[in-house]
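Trainee: Please take one part of this model and look at it closely with me. I would like to know which way its side chains face and what surrounds it.

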Amino acid sequence: MEVAAGLGQVRGRIAAACARAGRDPGSVRLIAVSKTKPLELIREAVAAGQTRFAENYAQELREKADALPGVEWHFVGALQTNKAKMVVGRAALIHTCDRLALAQELSKRAKAAGVTQRVLLEVNVGREPQKAGVVPEDAAALLEQVRALPSLSCEGLMCIPPAEGDPRGHFRSLRELGGTLGLRELSMGMSADYESAIEEGATLVRVGTAIFGERAR
Ligand SMILES: Cc1ncc(COP(=O)(O)O)c(C=O)c1O
């Protein structure tokens, strides 16, 4: 019941944010971040109508996607090239492609599996040294390189703004960059800030805590 209640509340807030921004609620897709959460809770979310889930660890994605193949899985964590094969084909969308070496490995694995892997480029909007992501001024060059790879389809941008301060300006800058690059999808907004992300144009919001409760890690 608790997961269903969390989902209901998040859906209501998404609808309200869309109304404030004059957006069609169908233009925003909710991704439930199920990292560390057991299959039992994910099944509760599925029973409440949730169809998209995201994981942060390659191994955890592999286990859960193999156990629950009927839902759409997304990958939103830091991805090491040696773990790319666990994720390719299982994730409908990989949100965290942030460097050429990873893109090349993903394309190689996708080709071997006979699939086209959909990806987003992760952008380090706050230019934080400890964070993953391509800096905004290098995104166009990375996009060009990714587009030249045979088995990847780059559909948009993703960001995790700095924990401190108002994220709105960062969401806006990601939307502007997406516009400049001709990319449609914007993966931005988590439990604390998905409403402002939607007001700034998010098409994919990644919400964990507000649906499933606090995580241990
Ligand atoms: C990339 C990413 N997006 C979204 C989330 C979900 O965050 P929250 O639980 O604050 O909604 C996480 C959580 O680990 C994450 O790593």
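Mentor: Start with exposure: a residue is called buried when its relative accessible area is under 20%, exposed when that area is over 50%, and partly exposed in between, using a 1.4 Å probe and protein chains only. The model is a predicted one, so local features were taken at pLDDT of at least 70 and side-chain atom pairs at pLDDT 80 or more, while totals for chains, interfaces and linings use all residues. Numbering runs from 1 along each chain as its sequence is written, and side-chain values use heavy atoms, with hydrogens and water left out.

The part to look at is helix α2, which spans residues 39–47. Helices here are DSSP runs of H or I with at least four residues, strands are runs of E with at least two, and both are numbered from the N terminus. Three residues of α2 are buried: Leu-41, Ile-42 and Ala-45. They lie on the same side of the helix, because they cover an arc of only 100° around its axis; that arc is taken from the directions that run from the helix axis to the C-beta atoms. Turn to the other side of α2, and you find Glu-40 and Ala-47, which are exposed.

Now follow the chain on either side of the helix. Thr-36 sits in the loop that links β1 (29–33) to α2. Its phi is positive, near 70°, although Thr-36 is a residue other than glycine. With a relative accessible area of 26%, Thr-36 is partly exposed. After α2 comes Gly-49, and the phi of Gly-49 is also positive, near 100°. For another positive phi in a residue that is not a glycine, go to Arg-127, where the value is about 50°. Arg-127 belongs to the loop between β5 (117–123) and α6 (139–147), and its relative accessibility of 47% makes it partly exposed.

Helix α1 contains Ala-19, which counts as exposed at 60% relative accessibility.

Last, consider the cysteines. How many disulfides does a search of the whole structure find? The count is zero, where a disulfide is a pair of cysteine sulfur atoms within 2.5 Å. For Cys-18, the closest cysteine sulfur is the one in Cys-159, and a bond is ruled out because the two sulfurs are 17 Å apart. For Cys-159, the closest cysteine sulfur belongs to Cys-154, and that distance of 14 Å is likewise too far for a bond. Cys-18 is buried, at 0% relative accessibility, and Cys-159 is buried with a value of 0% as well.
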